[in-house]
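Here's a quick briefing to read with the model open beside you.

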Amino acid sequence: MAEVYTLHDLISRQVLDAGQDKPARLAVIGWPIAHSASPRMQQAALDAAGIAARYVRLEVMPGQVGEALARMRELGFIGCNVTVPHKFEVMGCCDVVDAAAQTLGAVNTVSFEAGQTRGSNTDGPGFVRAIADEFGVALGELKVLIVGAGGGAGQALAVQCVMEGVKRLALVNRTLEKLSPVLARLRGLAANCEMLGLALEDSALAEACATADLIVNASSVGLKPGDSPVLPAAWLRPGQLVYDCVYQPKPTPLLQQAAARGCRTADGRSMLIHQGALAFQQWFPGSGPLAVMRSALAGPASEA
Ligand code: ATR
């Protein structure tokens, strides 16, 4: 499953499917891509549904997303998932980008439909489902604080929060300047959501944390072994919901400390599973891949 294909392999069906019993008809594209966990869960869902197709890793360099999509389409692919760093570049390579993906500013799922390459985004809806699943609450009911809101992932989550109608949204980033364009965009989407932007070292951050119902880490802090928690334990309160989009190494430093404070915690694996299941359902309407994907990912994790 660790095999990685490149654009050269998309030259023909003979090359792509040499020695395989099923044709490659779905892929995840990214740079790098060898670490992706998507094939594990998507292939399990294909197999469980009795669909004779392979889901493969495809390494695509920045600037080559358009060519990759064109070749996949020619070879009769059903679609692909799109991961870092291509979620923005791919928007310009689709014939149609659906309204929610346009608002989110990123595409993570592509479907090759009758003559049309269509882009959509299941990351945002996957996050909403992950919060409902893990904590039994609707995101829109919560006051939310997002750390890392200036990064690509954090911005998309912030937009999704606003689309869900959250009551209050605190955006936190190490580099404060990155929040100005995000806040301006969000204010254009929701006039009646109370929003604030804070730097990580802002003296008002302790208070903003204490008054949030849900704290989300969308920064990359926690990915490297030995990372410190992105927020001090003293700013968390018992019963608070803490979601870390990072899920490896497990438990993340933030979740470890949040659990010790008596918070309810969950990591990003649920988001990974839900975005994957939603993508699969776009390719195969009426399917129900969630349980199969969840068990396929049980065990050591890696990235989407
Ligand atoms: P992306 O491609 O999503 O923008 P990124 O550049 O790795 O990914 O940044 C992800 C987020 O993690 C950003 O919010 C980043 O903060 P900056 O905007 O200030 O760069 C945040 N981040 C990365 N390392 C961090 C650290 N050591 N402390 C705090 N935040 C950090």
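Which domains does the domain assignment of the protein chain give? There are two entries: domain 1 covers 5-121, and domain 2 covers 124-269. Keep in mind that this is a predicted model.

**Where the domains meet**

- On the domain 1 side, 6 residues make contact, and they touch 9 residues of domain 2.
- Together the two domains bury about 540 Å² between them, and 66% of that is on carbon and sulfur atoms.
- Within domain 1, the residues losing the most area to domain 2 are Thr 103, Leu 104 and Asn 121, which together account for 80% of what that side buries.

**How α10 packs on α11**

- In general, a packed helix pair is described by the distance between the axes and the angle between them.
- Helix α10 spans residues 269-283 and helix α11 spans residues 290-297; their axes come within 9 Å and cross at roughly 140°.
- Because of that angle, α10 counts as oblique to α11.
- As for handedness, α10 and α11 make a right-handed crossing.
- From α10, the contact uses Arg 269, Leu 272, Ile 273, His 274, Gly 276, Ala 277 and Phe 280.
- From α11, Leu 290, Met 293, Arg 294 and Leu 297 complete the contact.
- Sorted by class, the α10 contact with α11 comes out as 7 nonpolar, 2 polar and 2 charged residues.

Terms used: Residues numbered from 1 in each chain as written. Predicted model: local features only at pLDDT ≥ 70, side-chain atom pairs only at ≥ 80, totals over all residues. Heavy atoms only, no water. Axes fitted to C-alpha atoms, helices over the stretch in contact; angles between N-to-C directions. Helix = DSSP H or I, 4+ residues; strand = E, 2+ residues; numbered from the N terminus. Parallel < 35°, antiparallel > 145°, perpendicular 65-115°, else oblique. Left-handed = near helix turned anticlockwise from the far one by under 90°. Contact = heavy atoms within 4.5 Å. Nonpolar A, V, L, I, M, F, W, Y, C, P; charged D, E, K, R; others polar. Domains from an automatic or database assignment. Buried area = accessible area lost by both parts, 1.4 Å probe.
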